[in-house]
Amino acid sequence: MNKTPIQSIKSINNNNVFIKRDDLLGESFGGNKYRIAYEFFKDMETRNKDLIIAYGNNRSNLCRIISYLAYKKRIPCYIVSPSDDSGDRIDTFNSFLVNLTKAHYVFCNKNNVADTVEKLILDLTSKGYKPYYINGDKYGKGNEKVPVHAYYKVVDEIVEQEKAINVNFDYIFFASGTGMTQAGLIAGNINHGKKFKIVGISIARNVNNQILKLNIFLNQYFNTNNYDYSNNIIFDDNYLFGGYGKYNNEIRKEIINMYKEDGIPLDPTYTGKAFVGMKNYLSKNNIENKNILFIHTGGTPLFFDFINYISEKY
Ligand SMILES: *Cc1c(COP(=O)(O)O)cnc(C)c1O
């Protein structure tokens, strides 16, 4: 995989801010899920599976990329997809692209995911397929190592890039959702002697819940048993603005400004929310004169959902 560019943008609270453009990765609008999907397909091939099952809602960037890569590799693809907590299911550019690349959606609710996954696996197995469910067992456990490796490797990449551009980063910020990305960055950071402060900005979960999940990922990754990795974890859940997918005027303005000033697309669910969270974190904690790296984790189709929505409104 090619290295993604790191570019300098505006200074915030007297800090030099840089963006690592993982949104520019390869195919299907890139993003962190491109790196993660790459690991899943590699693992599936070594395990001789011939069908992939992903999990995600209609906004999911992971499902878009898995569906695209499966289509390209001529591997059948199913997506178990829960409705939002409100019970709604909204069409997005991501769900449009999933349909375009012929993945089969299997809809469910948050409370019958395990049953839906189990039935689907049984059904496909009885038809002669060898299905690979990206999250492991029907409860979504057991395959944590695979996605974590994606951002473990990114820390090596960042350390190499620091030398090339002659900057040492003090902090790394990004949008933290399921925790796959954050666990990978923490694991890579441990491997590099805890060189960076890795700060995940929550886009959905509260801090206690996420520390639990990150500990699961990290214990699996390092083959440890119930080790407590808490002192490696910085996770801020103060910028949820009402929960997953919700946003306020500050985020709206940031997305518009970032596009006008630097031509970079952010979205309200992930990167825009995390960028605003980072700004607030820097001022609240009086962080100044540091080098800050923000990882742009992708989600460009969600930028266009946002533009579509505001252009209807205004
Ligand atoms: C999934 C996603 C995240 C969060 O990554 P996790 O590994 O789930 O924590 C952040 N940004 C974008 C654009 C995403 O699609």
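The model is predicted: local features need pLDDT of at least 70, side-chain atom pairs count only at pLDDT 80 or more, and totals for chains, interfaces and linings use all residues. Residues are numbered from 1 along each chain as its sequence is written, and side-chain values use heavy atoms, with hydrogens and water left out.

**Figure 1. Overall fold of the chain.** The chain has 10 helices and 10 strands (DSSP runs numbered from the N terminus: helices H or I of at least four residues, strands E of at least two). Its radius of gyration is 19 Å, close to the 20 Å that the globule rule gives for 314 residues, so the chain is as compact as a globular protein of that length (taken over C-alpha atoms; the rule is 2.2 Å times the number of residues to the power 0.38). Along the principal axes, the C-alpha atoms fill a box of roughly 60 × 50 × 35 Å. Of the 314 residues, 53% count as buried (under 20% relative accessible area; exposed is over 50%, partly exposed in between; 1.4 Å probe, protein chains only).

Figure 2. K33 lies in helix α1 (residues 32-46) and counts as buried at 14% relative accessibility. Leaving aside residues up to four places away in sequence, K33 touches N61, L62, I65 and M180 (contact means heavy atoms within 4.5 Å).

**Figure 3. The annotated position S60.** UniProt places the feature "active site" at S60, in an unreviewed entry. S60 is found in the loop between β3 (51-55) and α2 (61-73). With a relative accessible area of 9%, S60 is buried.

**Figure 4. Surroundings of K195.** The loop between α6 (180-191) and β8 (197-202) holds K195, which is partly exposed with a relative accessible area of 34%. Residues up to four places away in sequence not being counted, K195 touches V159, E162, N168 and N189.

Conventions: UniProt positions are given in the numbering used here, feature names are shortened, and annotations may be inferred rather than shown by experiment.
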